[in-house]
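Let's take a friendly walk through this fold, starting at the surface and then moving to the backbone. Keep the viewer open as you read.

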Amino acid sequence: MQPVLPPSVEALGVAVARSQVPVWLPWPLPVGWLYTGIAHVGDDVSGARATAVACAGPAPLGGFGELVLVAEELGVGLGARYAGLPGPDPGDSVSLYKPADAKLLAAGRPTPMFHVPDAPADRAVFAGEARGLWLWAIAWPEQSALVMYDELVLTDLREAGAELDLLPCGALTPRLLG
């Protein structure tokens, strides 16, 4: 685990350039939301093998909400760490044989997301697969997960262009530090 980078376009650009996995961010961000930090697992030689991007803003039912999106190779465990789960993946709590609990668009492809019921009560956790890697969405507080049902469109920032310079940045979220 590398040190968490504070939210700035420059720091995000450095992390994106070194990443071997997608750097997912809702784009456009939901109205009033801000980018609030990035964490990654990997080294300078092989690049990031997992990324966690945080954003925050008005929750769908009022109040303040936070969302952390994790992309990771199998067995890394960054998503499970933020989800509050033991082990490196969602385990048997996610059944891929039932209909998806939510769907989002990741890099232009419909992506089913499955609710992870074993997560702590203070957050909602969804897990799925995009581009052959784990995709996690962790929302605080739990009711903020309603943003998952608002036609959320994720962009891999490795493919973003000049629009990355327009990204609104907020204060660093403590969610990435814990």
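Is L146 buried, partly exposed or exposed? In this predicted model, L146 counts as partly exposed, because its relative accessibility is 34%, and partly exposed covers the range between under 20% (buried) and over 50% (exposed).

To find L146 on screen, look in the loop between β8 (133-140) and β9 (153-156).

## The sheet

Now to the strands. Nine of them form an open sheet with mixed pairing, and the order across it is β1-β9-β5-β6-β7-β8-β4-β3-β2. At the edges stand β1 (24-26) and β2 (34-43); each has a single partner strand, so one side of each is left without a neighbour in the sheet. On average, neighbouring strands here are turned by 25° against each other, ignoring direction.

If you follow L105 across to β9, you will meet its bridge partner, V153.

## Two cis peptide bonds

The bond from W27 to P28 is cis, with omega near 5°, and P28 sits in the loop between β1 and β2.

The bond from W140 to P141 is cis too, with omega near -20°. P141 belongs to the loop between β8 and β9, where L146 is also found.

## Positive phi without glycine

Which phi value does A107 have? It is positive, at about 55°, although A107 is not a glycine. This alanine lies in the loop between β5 and β6 (109-115). A107 is described as partly exposed because its relative accessible area is 29%.

E151 also has a positive phi, near 50°, and is likewise a residue other than glycine. Its place is in the loop between β8 and β9. With 72% relative accessibility, E151 counts as exposed, since the cut-off for that word is over 50%.

## Back to one loop

The loop between β8 and β9 has come up several times. It holds P141, whose peptide bond from W140 is cis.

Terms used: Residues numbered from 1 in each chain as written. Predicted model: local features only at pLDDT ≥ 70, side-chain atom pairs only at ≥ 80, totals over all residues. Heavy atoms only, no water. Helix = DSSP H or I, 4+ residues; strand = E, 2+ residues; numbered from the N terminus. Buried < 20%, exposed > 50% of the residue type's maximum accessible area, 1.4 Å probe, protein only. Pairing = 2+ DSSP bridges. Axes fitted to C-alpha atoms, helices over the stretch in contact; angles between N-to-C directions.
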